[in-house]
Amino acid sequence: MQHKYAFKVSPCDNLSEALKKLKLSSADSATDNIEGCLDCLLKALAHNNVETSGKIQEMGVLSVMPSLLSAQNSSTAKVANIIAEMAKNEFMRSPCVEAGLIPPLVQLLNCKDQEILLQTGRALGNICYDSHEGRSAVDAAGGAQIVAEHVKALAESTDPAAGKLLTVFCGMMMNYSNDNDSLQAQLITMGVIPTLVKLLGVHSQNTALTEMCLIAFGNLAELESSKEQFASTNIAEELVRLFRKQVEHDKKEMIFEVLAPLAENDVIKLQLVEAGLVECLLEVVDQTVDGDREEDVAQLKTSSDLMVLLLLGDESMQKLFEGGKGSVFQRVLSWVPSNNHQLQLAGALAIANFARNDGNCIHMVDTGIVQKLLELLDRHVDEGNVTVQHAALSALRNLAIPVVNKSKMLSAGVSDVVLKFLKSEMPPVQFKLLGTLRMLIDTQSIYSQPTFQKTNFPYVVYVQTCVFVAADAAEQLGTNPKLVERLVEWCEAKDHAGVMGESNRLLSALIRHSKSKDVVRTVTQGGGVKHLVTMATSEHMIMQNEALVALGVIAALDLDCAEKDFVGFNVVQVLHKLLTDERSAPEIKYNSMILICSVMGSEPLHKEVQGLAFIDVVSGLRSHENKTVAHQASLTEQRLTAQS
């Protein structure tokens, strides 16, 4: 920022002499003499800022500046200007604080003179820049509050001088709070966000002020506490309006940096969609998709990523879906077969986000989206793009959730294409691959079952009423030795808890949903029993239950084949622990007793049951508060007594 001064002929042109005179001066010294010295310093700073600042510090002139500032005369603005120039240097900021310049500078914020306010704002802003000491001193002196009040008072003024002052004050607040959560929170509490949004609307022609507001928004928007204030303003409309006007890459990037953190809030997501941001983003995609410049690639990525982010909000997503007929939805679908990896990725992620309720999923499967995703995956099997693989598998997993979609997706060959990625060594891909296969053979989510609201045992009911179409797929997958081998391997992926958990759950699901002796043998011979027993001791109740049901199916269908593993991996001891643990859920106790009854046909397992006095444990459960557990305890006690 440049300022013009009507300099008088200085009585001293030599810097050293000027510094000496200033050091000896006081607030009552002749104003002309002081002004001449100040003019000399300003010229020297303009010529060589670093060297001159060093000399000012070396000569001890900083110590007289508080008194010069306090005098509040015609020289005051020049003194503040000198401080602002010196504070451009990092090495001068702490000395400025130590010399006690902050309190008198903050006091000057109460004056009416615009030039003094301008130079004072610059001085405080520069001292605060990347300086903990500077920020702390301004905070202690209450400088931010005064500046915030000035900005609020000047917000609607269209006077050019006011615009200049607002730019400086916004810059000061930005430097004051940058990368400091507590100071940013302080500004939010002061109510600066609505004021800054107002500035964006009133001063849209003031490029410098607009940019300063955007930088301030970028800082403040990172704080979760800011989102509610932003949502109560018309920030979405202002940003979209500003975005439409921009042609330069750098300016668009500045707005993107504000939009991204704001769009994490669901209310603001919807506001941005309603303000027309999506249309702007699609336009950017069209303009940059075939570009090979670095800035084109960057804008394409930012725009498509932001599109995906907007779809994470339920209301904003549904508004853009428009029953599957929305123009935005159709455009995004066209990205999937694109030859551009970024658009393929964004298209697949967008489908995954649209596929967050049954209605959308059913519509998309019925309109052939699965085939587009399978074709995309086929293009990325060998040395493919991992992020695209992950995104496409995520979309397929979500689409497979509604029960009516499973048979259609299995018929379309989804499992065959997914199995091509068994060789992947990338945990994110492995995780989604496993989730997709499990979802295909799970008839529907346990927790969405009507029976879940009516009984304490939704899982047992669920297993008994498993849809037959899943059984065929589960049997096909469960007798695939390569898949089972990989699952057993991933069940030990301790560095990747998600992969390990999904592998265990899929292994269990193959057995539970197929109820096939061939699957039981494939899993048993492949070393899967060990992992199911470990899964039964999981901290997650749903995984415990899935493991117990799978072990129960194994015991019922081919106990002879599994007997050695059941003994070797201490199934009976695990069941005893689950039944005696007061923290075990009713479902766990129920299925543990079912399994105890199932293993009684094995002589070595029968002996183990007798050795651990299970009758006493089960007898104690006959008075359990859950009637189903109590009833099963009575049946189990009878069985154990009869076979004792």
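## Packing of helices α25 and α26

In this predicted model, helix α25, which spans residues 369-378, packs against helix α26, which spans residues 386-399. Two packed helices are described by the angle between their axes and by the distance between those axes. For α25 and α26, the angle is about 155° and the axes lie 10 Å apart. An angle over 145 degrees counts as roughly antiparallel, and therefore α25 is roughly antiparallel to α26. The crossing of α25 past α26 is left-handed.

The contact involves named residues on each helix. From α25 come I369, V370, L373, L374, L376 and L377. Their counterparts in α26 are V388, Q389, A392, L393, A395, L396 and L399.

## The largest nonpolar core

The largest nonpolar core of the model holds 223 residues. Within this core, I83, L399 and F566 touch the most other members. Helix α37, formed by residues 541-568, gives the most to the core, with 12 residues. L399 also belongs to the residues of α26 that meet α25.

When its neighbours within four places in sequence are left aside, I83 is in contact with M65, L69, C96, L101, L105, A123 and I127.

L68 is found in helix α4, which runs over residues 65-71. The relative accessibility of L68 is 6%. Buried means under 20% relative accessible area, so L68 counts as buried.

L68 and A80 are 12 residues apart along the chain, and their C-alpha atoms are separated by 9.4 Å.

## Loop residues with positive phi

E322 is not a glycine, yet its phi is positive, at about 50°. This residue, E322, is placed in the loop between α21 (314-321) and α22 (327-333).

K515 is likewise not a glycine, and its phi is positive at about 45°. The loop that contains K515 lies between α34 (497-514) and α35 (517-525). Is K515 buried, partly exposed or exposed? Its relative accessibility is 40%. Because this value falls between the limits of 20% for buried and 50% for exposed, K515 counts as partly exposed.

Technical notes. Residues numbered from 1 in each chain as written. Predicted model: local features only at pLDDT ≥ 70, side-chain atom pairs only at ≥ 80, totals over all residues. Heavy atoms only, no water. Axes fitted to C-alpha atoms, helices over the stretch in contact; angles between N-to-C directions. Helix = DSSP H or I, 4+ residues; strand = E, 2+ residues; numbered from the N terminus. Parallel < 35°, antiparallel > 145°, perpendicular 65-115°, else oblique. Left-handed = near helix turned anticlockwise from the far one by under 90°. Contact = heavy atoms within 4.5 Å. Buried < 20%, exposed > 50% of the residue type's maximum accessible area, 1.4 Å probe, protein only. Core = buried A, V, L, I, M, F, W, Y, C linked by side-chain atoms within 4.5 Å.
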